[in-house]
Amino acid sequence: LNEPLIYPKGDNETVFQVTEEFLDEDYQNNGIEINNRYGDKATDVIPLKNLKRLPEFPKASKLPKDAEFSLFLPSHQEMAKEVMEVLLAVPENQLQDLLSTCAYSRMHLNPQLFNYCFSVALMHRPDTKNVPLQNHVETFPSKFMNSQVFGQAREAAALQAKGSPRIPIIIPRDFTATDLDVEHRLAYFREDIGVNLHHWHWHLVYPFSAPRREMVAKDRRGELFLYMHQQIIARYNGERLNNMLSRVKKFSNWSEAIPEAYYPKLDNLTTSRGWPPRQAGMKWQDLDRPVDNLKLTLGDMMRWRRNVEDAISTGFAVLPDGSTQPLDADTLGNMVEASILSPNPQLYGALHNNGHNFTAYIHDPQHRYLESTSVMADEATTMRDPFFYRWHAFVDDLYQKYKESESVTRYTRSQLDNPGVQITNARIVSDSGPDNTLNTFWMQSDVELSKGLDFSERGSVLARFTHLNHRDFRYEIDVMNSGAARLTTVRIFMAPSVDERNLPWILNDQRKMFIEMDKFVTTLNGGANKIVRSSTESSVTIPFEQTFRDLSRPGDQTSGELTSTSFCGCGWPQHMLVPKGTEAGAQYDLFVMLSNYDLDSVNNPDGSPMTCKEASSYCGLKDRLYPDRRSMGYPFDRPSRDAANLQDFLLPNMFKQDVRIVLQNSPVEINPRNPRN
Ligand code: CUO
């Protein structure tokens, strides 16, 4: 998708056979020749059906092919809507027409704009919604790794003999900075490929704007926007403590200089430019960029902020006609992000989206230097920047202020307990060490780049990068049920046991540090029960193979076929489920709760209880209700009525276990599934 469709790369390729109508005017006289020149090397030639009417893109075609595309720009959103409308309007099951429309659009539009619209359209068309999306790392590898990789890949492609074993290009672990910058300690988290893929995919599933309202209005999407990002902040803060740093400071005073710098060292292959860096000490400034149709002042931001804060403190949103509606978490998320579901876009603006914009153009607020956005403006790259966390800590603070306000009632005992259900023990067990110990280590895995590189005619190009991982483990929970057999939801969370000063937490601080590890429904029989659950089944994560396509599988290396398991791409990566910990062992509180299923259940169309095969905790379920009726983050989503610390909070259906996370800092292990070790 990042390459011209008409240029197959070599033998054994599938190519699209195009006629002149598909081509840009500049190429029209060459169309036939191009097909002949390359088409005879290919094993599969897919003729494209001529379209009765060629699609027109009066807005989207104005975006140059080598320009940056940013969803945070309203003008680009308008372009995307236009393209999506065209792709959605092709009648259902007319797949030849859809294919030709996509091929034509791909050839006439900015590739990033096209790829976004194509992905969203595939996901939302009834006839293609089960088609797996190509892994974004393979399509746009330049958004995920050091630009030097591509020079080396070019060289390898030119020199490597056909059929010779592929030597992976090593991406160094520390390519963006040194430890002189304390924030660099978190680079393994911020620059992780799986973490960034998750974030990209989440925003693809939950667009804040689309041509059709139902594409946005998914069950509890505003609340999930807040909860998923809250969990990112909780996970990041936990990692900071593991790295001797304090929790991230929310970016609240907007005229203050930003001490965090970021030099991404990524090249954007479609714009042929590097992503601009940000020096330390820069400040937000009013934006006036006619080229992007973007004119925004800090005053606008301040006004929206005051209006959102008013809504939180009064507990009501004011609608355009002046009437009010009680504020709930879902409305708050849509209001703050903002999505097209905002109760009043005039009054509440788009606080979160424009925070991304103010930072993305901080180096050239008036387009004086013809510079484009920084990594902050792309969902696939924004989590690399330390400022992402400062901004989302601000957004999260609004969410927490709402949860601490009077409009959210504290849980009563009957909302927390589960009469007759008692947890007698809960522990972590693994084959790699003592009970209640989690073991983390560094691993090197390979990703395939060739699909996103138009020069790699000789097949596969592998990049090898280092990431955190952990040994598989399982939870074992002993339960006494004094009543009849029943369903229960098992909720598993974890948080550091002490704060940055090594002091025990007060619950109202620790509750914000709890990261969800798993959530599933199970049956309790009468009497004693033992629940065993593997870490790889987590409802938070997608399997390892979905982040790193299993390159060791025959056929996977060159065919580009995605395995059936890559069906749901949204989900926290399994290799980042467990925080890093420390070599000495970091103390964590494992919290397990068995909640009353009568208050948990939702009526999904097929009536089945929630499934954990998809990463539903952060991503929801495709075309279904969010599989848990409780507020997201329950029972830690709001302050407790009376408990000062976790111990006080515990009821018989809850359990706290002391666990340790021990990091093996070396040696770095090589993923046994890499095609060449
Ligand atoms: Cu995901 Cu700001 O919402 O990046």
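A residue counts as buried when its relative accessible area is under 20%.

**Figure 1. The whole chain in a predicted model.** This is a predicted model, and the views below are taken from it. The protein chain has 677 residues, and buried residues make up 60% of them. The chain holds 21 helices and 20 strands. Take the contacts between residues at least 6 apart in sequence: 78% of these join residues at least 24 apart.

**Figure 2. An open sheet of seven strands.** The strand order is β3-β12-β11-β20-β19-β14-β15. The pairing is mixed. Strands of a sheet pair through backbone hydrogen bonds, either parallel or antiparallel. Which strands stand at the edges? They are β3 (169-170) and β15 (515-524). Each of these has a single partner strand, so one side of each is left without a neighbour in the sheet.

Figure 3. Strand β14 covers residues 486-496, and strand β19 covers residues 586-596. How many bridges join β14 to β19? There are nine, and the two strands run antiparallel. Within this pairing, valine 490 stands opposite leucine 594 in β19. Helix α10 (residues 221-242) packs on the sheet. Helix α10 touches β14, β15 and β19. The direction of α10 makes about 120 degrees with that of β15.

**Figure 4. Isoleucine 492, a buried residue in strand β14.** Isoleucine 492 sits in β14. Is isoleucine 492 buried or exposed? Its relative accessibility is 0%, so isoleucine 492 counts as buried. Which residues does isoleucine 492 touch, leaving out those up to four places away in sequence? Among them are Tyr475 and Ile477. Further along the chain come Ile515, Glu516, Met517, Asp518 and Phe520. The list also includes Leu590, Phe591 and Val592. Now compare sequence with space. Isoleucine 492 and phenylalanine 655 are 163 residues apart in sequence. Their C-alpha atoms are 9.7 Å apart in space.

Figure 5. Helix α2 spans residues 74-89, and helix α4 spans residues 111-124. They pack at an angle of about 45 degrees, with their axes 9 Å apart. The crossing of α2 past α4 is right-handed. On the α2 side, the contact is made by Met79, Ala80, Val83, Met84, Leu87 and Leu88. On the α4 side, it is made by Leu113, Tyr116, Cys117, Phe118, Val120 and Ala121. What kinds of residues make the contact of α2 with α4? They are 12 nonpolar, no polar and no charged.

Figure 6. Helix α12 covers residues 329-337, and helix α15 covers residues 386-404. Their packing angle is about 155 degrees, and their axes lie 11 Å apart. Angles over 145 degrees count as roughly antiparallel, so α12 is roughly antiparallel to α15. The crossing of α12 past α15 is right-handed. From α12, Ala329, Leu332 and Val336 take part in the contact. They meet Val395, Leu398, Tyr399 and Tyr402 in α15. The residues of this contact divide into seven nonpolar, no polar and no charged.

**Figure 7. Two cis peptide bonds.** Alanine 338 lies in the loop between α12 and α13 (345-348). Another cis bond runs from tyrosine 634 to proline 635, with omega near 5 degrees. Where is proline 635? It lies in the loop between α20 (616-619) and α21 (646-649).

Figure 8. Leucine 370 has a positive phi of about 60 degrees, although it is not a glycine. Its place is in the loop between α14 (351-360) and α15. Why does leucine 370 count as exposed? Its relative accessible area is 60%, and the exposed class begins over 50%. Aspartate 623 is not a glycine, and it too has a positive phi of about 60 degrees. Aspartate 623 lies in the loop between α20 and α21. Aspartate 623 is exposed, with a relative accessible area of 57%.

Note on methods
Residues are numbered from 1 along each chain as its sequence is written. This is a predicted model: local features need pLDDT of at least 70, side-chain atom pairs count only at pLDDT 80 or more; totals for chains, interfaces and linings use all residues. Side-chain values use heavy atoms; hydrogens and water are left out. Axes are lines fitted to C-alpha atoms, for helices over the stretch in contact, and angles run from 0 to 180 degrees between N-to-C directions. Helices (H or I, at least four residues) and strands (E, at least two) are DSSP runs, numbered from the N terminus. Angles under 35 degrees count as roughly parallel, over 145 as roughly antiparallel, 65 to 115 as roughly perpendicular and the rest as oblique. A crossing is left-handed if the near helix is turned anticlockwise from the far one by less than a right angle, and right-handed if clockwise. Contact means heavy atoms within 4.5 Å. Ala, Val, Leu, Ile, Met, Phe, Trp, Tyr, Cys and Pro count as nonpolar, Asp, Glu, Lys and Arg as charged, and the others, Gly among them, as polar. Buried means under 20% relative accessible area, exposed over 50%, partly exposed in between (1.4 Å probe, protein chains only). Two strands pair if DSSP finds at least two bridges between them.
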